[in-house]
Amino acid sequence: MLEGPKVSQSELAKRFGVSQPQICRIIKNKERILSEWHRNGDPERKRKREGKDAGLEAALLRWLEGARATDLPVGSSLLQLKAKHLAKALCQPDPQPNAGWVARFETCHNLPFQKPLAEKGDTEQPMAEHWAGTVLPGLLRSYAPSEIYACGETEVLLPATSPSKGESASDRLTVLLCANADGSKKVLLRAVGESPQPPCLRGVNLGQMPWSYRAGSRAAMTALLFTEWLQEFNEGAQRRGKSVLLFLAKHEAHPYLQLPNVRMVFIPLATALAHPMDRGIASDLKGHYRCRLLRWQLAERGTGEPTLLDVLHMLAQSWGDVQPGLIASCFRAAGFSPDASSEAVAPNLLSRDHRALTDEESERNGELADGDKGMAEDEDMGEPAVQPCPSERKVWGSLATLRRYLECRATSPDLFQAFYELEDTVHMVSSG
């Protein structure tokens, strides 16, 4: 209407039922209003209302633009988490942004009208091919293999799962794995379960375990839990005086953080490159875990099914069983190593000692001694009694007592490596 035949401001005011000064302000700010209207993209919107936290909203919008520029999947939960972090950084007074605040923010800035990433389809393929052929090699040349990391999650079923009853969140754990390209550093694994306070973890010095446990909705990794892990990972790099590169998959539970010692790089969704963890590292861990679980059941330790605490220790041992050479091969096969080649790695490649339990071991099931066979006959009354060889059940019981002592009194996760080696040695002797 402003571009057509000239009409007086008074006439326009009468036509739309507003005051003449309001028409004057609209004409004066025409370019700014049109720019904001086009940027918003909602043709039905008639007013521009500023929120109470204009500074926080502006900062969150800038972050959102950067996240979408890297095709990072962003949802309401991730927006709320980032808003809380920004509010804290901007020293905003309480209350912190809640779900209602995020919903109003999305409506105000027309976020529900944006095209979902999943609908982009094949238009991302050229960009992904450019990333794999040009961007990735440049990144790899800037870091040594020991400074290139990849992290990813895998699910592990707990031994109490009954296939006939179906699976639920309480039947599984989500395990976060992270290692570097030459296999010289395996970050302590983090397990996410559904129970916030498992009874079996009471009294355990959780800060000194060779694993960590967190509770998440439906035993799944969340943005909040992953942020906590990222900050701890960054602190570890700071203590070592290292700046590292971290590759990870795009997921709503993987927020982007600007960290001083960790450069996060998301693998494009459409790229043909496989995640290093999916090249055989995760499946190797699961293979070792299954073998250790079967070994535990064959030992008949008299406690029924393994507890969550037993499973966490088995997973830590299995993570230690994954050989550095296999990890390096998976990175090379996935193309995430400076000396990447086309060599393939079998997805279920296991070390020879852990491929399967022998038939001889399996036959031992149920054959463990129930107790001591008695004292030696015809002992001389004047000499001290000779201690008989303890049964395997007693040996395993003694190891369980020692492990419990370490769980309560350990001062470093490294102590458990010695215990795990002792446990493996006892198993070799008992199966020999």
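With which residue does R403 form a salt bridge? In this predicted model, the partner of R403 is E407, and the closest N and O atoms of the pair are 2.9 Å apart. The two residues are separated by about one helical turn, because they stand four residues apart in helix α13. Both R403 and E407 are buried. Salt bridges with shared partners also link R190, R214, E228 and E232 into one network.

A search of the whole structure gives eleven salt bridges. One of them joins the side chains of R172 and E155, with an N to O distance of 3.4 Å. R172 belongs to strand β2 and E155 to strand β1, so this pair ties together parts that are 17 residues apart in sequence. R172 has a relative accessible area of 13% and is therefore buried, whereas E155, at 45%, is partly exposed. A further salt bridge is formed between D424 and R292, at 3.0 Å from N to O. Because D424 lies in helix α14 (residues 414-430) and R292 in helix α9 (residues 281-299), the contact ties together parts that are 132 residues apart in sequence. The relative accessibility of D424 is 22%, which counts as partly exposed; that of R292 is 6%, which counts as buried.

Strand β1 (residues 148-157) is largely enclosed by the rest of the structure, because seven of its ten residues are buried. Strand β1 pairs with strand β2 (residues 172-180) in the antiparallel sense over nine bridges, and Y149 has N180 in β2 as its bridge partner. Strands β1 and β5 run parallel and are joined by three bridges; here I148 is placed opposite L245 in β5. Strand β5 (residues 244-249) also pairs with β6, in the parallel sense and over six bridges. Strand β6 (residues 262-267) is mostly covered, with five of its six residues buried.

K185, R239, R240 and K242 form a positive patch. Of these residues, R239 is located in helix α8 (residues 223-240) and counts as exposed because its relative accessibility, 68%, is over 50%. A nonpolar patch of about 270 Å² is made by L402, Y405 and L422. Y405 is located in helix α13 (residues 392-409), and its relative accessible area of 47% makes this residue partly exposed.

Note on methods. Residues are numbered from 1 along each chain as its sequence is written. This is a predicted model: local features need pLDDT of at least 70, side-chain atom pairs count only at pLDDT 80 or more; totals for chains, interfaces and linings use all residues. Side-chain values use heavy atoms; hydrogens and water are left out. Patches are made of residues with over 30% relative accessible area and no salt bridge: like charges are joined within 9 Å, nonpolar side chains (Val, Leu, Ile, Met, Phe, Trp, Tyr) within 5 Å. Accessible areas come from the Shrake-Rupley method with a 1.4 Å probe; for residues, only the protein chains shown count as cover. A salt bridge is a side-chain nitrogen of Lys or Arg within 4 Å of a carboxyl oxygen of Asp or Glu. Lys and Arg count as positive and Asp and Glu as negative; His and the chain ends are not counted. The place of a charge is taken as NZ of Lys, CZ of Arg, CG of Asp or CD of Glu. Buried means under 20% relative accessible area, exposed over 50%, partly exposed in between (1.4 Å probe, protein chains only). Two strands pair if DSSP finds at least two bridges between them.
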